[in-house]
Amino acid sequence: MKRLALLPFLLSSLCAKEAYNVLPEAASDWKMAGPGSFEQKNGVSTAKGGMGLWYYGKKEFTNAVFTVEFLAPEDADNSGIFVRFPNPGNDPWVAVKQGYEIQICGNESHKNKTGAIYDIQPAIHPGMKVGEWNTYSIITAGDQIAVILNGKLINVYECQDGRGDVGGYFGLQNHDDGSPVQFRGVQVRELASGSLLAAMGEMGIPRSALIAYNSASNTKEKWYHLADHGPAFFQTYGDYFKGKLRRESALKGIALNYSALPGRVALFNTENLSLVSATDKGLNLINTPWGGGHQRVNEFNNKDSYLFTAAEGPVWADDSGAFKDNRPLKGYGNFSHLEFKGYFRSGNQVVLAYAVNGTHILDAVSDHNHGLARYLEVEPHDKPLTVRLLDDSSEKGFTLKVKTVDGNGKISSSNGTYHLRLDASKKRTKVALLYTAHSDAEAPTPVSLTALTEGGPSISPEVFEVEAKLDSSKKAWLVDQVPLPPALKASPYKGKVRMSDVDFFSDGNRALLSTWDGDIWMLTGLKDFKKLTWKRYATGFFEPLGLKILNDVPHISGRDGIYATYDLNDDGEADKFVVFNNDVYLSNNFHEFQFGLETDKEGNFYFAKASPVRGGGRGFEKILPHNGAFVKISADGKRLYTIGTGLRAPGGIGVGPNGEITTGENEGTWQPCCKINFYQPENGTPFFGVEDTRQKNKSKFTEPLCYLPMSVDNSGGGQVWVPKNAKIGIEPGELIHLSYGQSAIYHVLRQKVSDGFYQGGVAKLPVKLSSSAQRAVFHPDGSMYVVGFRGWQTNAANEAGLQRIRRNTKEVNPLPTAMTVTKEGIKLTFDVELDDELATDPTSFTAQRWKYIRGPQYGSGQFSVDNPDKSAEASAVKKESKRHRKRDSVKITAAKLGGDKKSVLLTVAGHKPSQQFKLEYDLESSGGEELIGTIHSTIHRVPSK
């Protein structure tokens, strides 16, 4: 039976052990096996003769790092470092056959070059320096070996079963008389960690070293399978149970990357608190952000190889001892007796936190020589707790072992199903489980996990410095660019950087930015806006499209809920992730995005949830209660309310200074075109048009503030209200709309029609963005920051972008500051005096109007308002009509300059309501500056006076 390794995640509570020199200081403890010798001079040991083995005979090592400096005078010189071999006596071949040689040689075949596990596994890009001193750091932890050459990780290897997979001696090879390889500075440091992943953290080796190694070892792999998502990666995962695909096995799932071996992952379901499965085949990321698949769900690759897997349903029994799905909507949502609270991260170790029947539990998994170790720390509980741990394994001879401290735990099994019963206990019960195929193995010693909940080593220490690029042009709005962190091959994390939202800390010097990929980045240096630094603050979130910092606590909105994050040890990385609210229902639909995250004056949170669109965009799959809803969450996070329904794909939201609610909307089923929704909550529960997601809302269809044709916005982003301190050239209290699809920013020209009901139009700011316009937020200095990315339909020039926008007051604003529908026509107001001749010339203006047909088809064509085609309109309800394009030309019969010379009143022939009214103007200021632009508006009502 193998000896158990030390527990892998005790490093946060143990002092690091000091390295000690074993050459040349302890040369007397070394022994020679076989022929040859080593000559020692001036602290350098030079190989002579051979083939022999010089090994440190004082003790064997289990978890340790061996640091060796070596010099090979010629490329063909041959030697090596042996680890994990038994006592060889006088036979050096014992080390060769029963241990592992870390090769030293420059001209051998790839399989046996420097850094290779000799004759077993080659290294990646070893780069030995011939004729110079090189440094090896060889880590043995658990049953894994890592080789680091001159600071670069070049080999990761899992030991063969029964061969050097627990511990052994280490030594140096003297290969032959023609290979006078030299050694010096040989040190040993014993490690607390029994898994390689934890050992690397203990040694301060960044996660990026392992990412780089995996990337170089899998050059043909897709980028998204090489990208790092951290030790806890939230997504919806399907998996296999007894050979059959389960597409919804973990709707709110976490892939726990608990091993240095990239394929070794465990799957946890945050709704039923099940450790669903563990496999060595990794993940298949095929949904929209990664493989680009519609109607596809990410797969946990456990079809043929799984250490264990659990059947569906709740795995923790309720107070009555029953395992029943009594949720209001069976198969979806949270259980009344189960509560996922979040997780803690200490280095690469993740500790899950949840409650069962009110009892708080900490839960962690780790690599183990014999399989997977799982540790539970259970608070005192008055009643027994029972958990169904698994129901099947592909491993022959599979068994489950348990040990408990301060409580009694008993395993029972029947027909492949294993249960753990924990008796009532007045103390914290500590449990250790071993999922294994080794019947003679023992469960490790239980430990307390509390020490891992106080903050630990970082996993992303890299900092990237960039220089802000100021716009020095003479344009009315200046667009300063902020270079992004490196992406893909240039990134230490091998992922994209698709920025989806931004917000600022109260100091004004720091911001956090979310990415669609699940990373959260911290940007520092905003006050000076010269030298800026990026650092990854967190990773692994579920496609976050919303971020809000409230009272300096970052809140991240993913598809599975909202998390509050905390940096417990002030190292610039989050290590505590608390569920703020995860009551939102979720299916496995690819399109079920959760858009935006905003707050009101009382601290309530808001977001909008998309509908489950079918692949191709037409129609919907199964509708769950929160699909197509505008959602409010109470300031304490305890209550979730639906306050609006009927959305399809809102793209983004806004919350106004007086509680006004806005959303974008994308063209599609029941949505004739993109639009800007606007309502005030005191006026009831709005219905925004998608009948499939009405959610029993009896309100009439709420007309939008403005319809937007495809050329203006084919995919809406968020909205932002201009604050009092803004220096954007737009008055406080005004609304700005962002277009993700057209990479554009619009000033929304609102006009109040009645209480809670507005109409208006949009005027495009003359700015060029580096990517789409997804979210915007105002900095305390009054400038506006805009982020965007390229993920679905957009004309974005780049994968992502971040820019600061500010008004250049030296240049004239070419846009109107207001638009008002009058009895006779339209009044436009500018902030400069207008040239009299052009402003009073009706030919300076051209106009068109048209309408849309709202129905169950995808989008709508453009239909005449003046000469309705009833047949075409009726047909548009039954089949798609986007090719129908009939606009009415509208004559401007008179133009009159206002008394302030900053406004012009237009008389519109046949003036009437129209869903779309396009007005183009070509004017000049009194100083001769060009004022040219277009307004797309909606006229719901024409005043009678």
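Which residue stands opposite Leu-738 in strand 50? I looked this up in the predicted model and found Ile-745 in that position.

**Entry 1, strand 49.** I next examined the strand that carries Leu-738. Strand 49 covers residues 735-739, and five of its five residues are buried. I noted that Leu-735, His-737 and Ser-739 point one way, while Ile-736 and Leu-738 point the other way. In a regular strand the side chains alternate between the two faces of the sheet.

**Entry 2, partners of strand 49.** I recorded antiparallel pairing with strand 50 (residues 744-754) over five bridges. The two strands form a hairpin with four residues between them. In the turn, Ser-743 has a positive phi of about 50 degrees. Strand 48 also pairs with strand 49 in the antiparallel sense, over four bridges. Here I found Val-720 opposite Ile-736.

I read a volume of about 850 Å³ for the largest pocket. Of its 34 lining residues, Lys-548, Thr-599, Val-655, Trp-721 and Pro-723 are the closest to the centre. Among the elements that give two or more residues to this lining are strand 48 (716-721), strand 36 (546-550) and strand 40 (594-599). I counted 18 nonpolar, eight polar and eight charged residues in the lining.

The volume I noted for the second largest pocket is about 640 Å³. It is lined by 30 residues, of which Asn-214, His-225, Asn-257, Pro-262 and Gly-263 are the closest to its centre. Helix 3 (207-217) and helix 4 (223-226) each give two or more residues to the lining; helix 3 gives the largest share, five residues. I recorded 13 nonpolar, eleven polar and six charged residues in this lining.

Conventions. Residues are numbered from 1 along each chain as its sequence is written. This is a predicted model: local features need pLDDT of at least 70, side-chain atom pairs count only at pLDDT 80 or more; totals for chains, interfaces and linings use all residues. Side-chain values use heavy atoms; hydrogens and water are left out. On a 1 Å grid over the protein atoms alone, a cavity is a set of points where a 1.4 Å probe fits but cannot get out, and a pocket is an open set with protein on both sides within 12 Å along at least five of seven lines; lining residues have an atom within 4 Å of a point. Grid points are joined across faces, edges and corners, and a volume is the space filled by probe spheres set on the points. Ala, Val, Leu, Ile, Met, Phe, Trp, Tyr, Cys and Pro count as nonpolar, Asp, Glu, Lys and Arg as charged, and the others, Gly among them, as polar. Buried means under 20% relative accessible area, exposed over 50%, partly exposed in between (1.4 Å probe, protein chains only). Two strands pair if DSSP finds at least two bridges between them.
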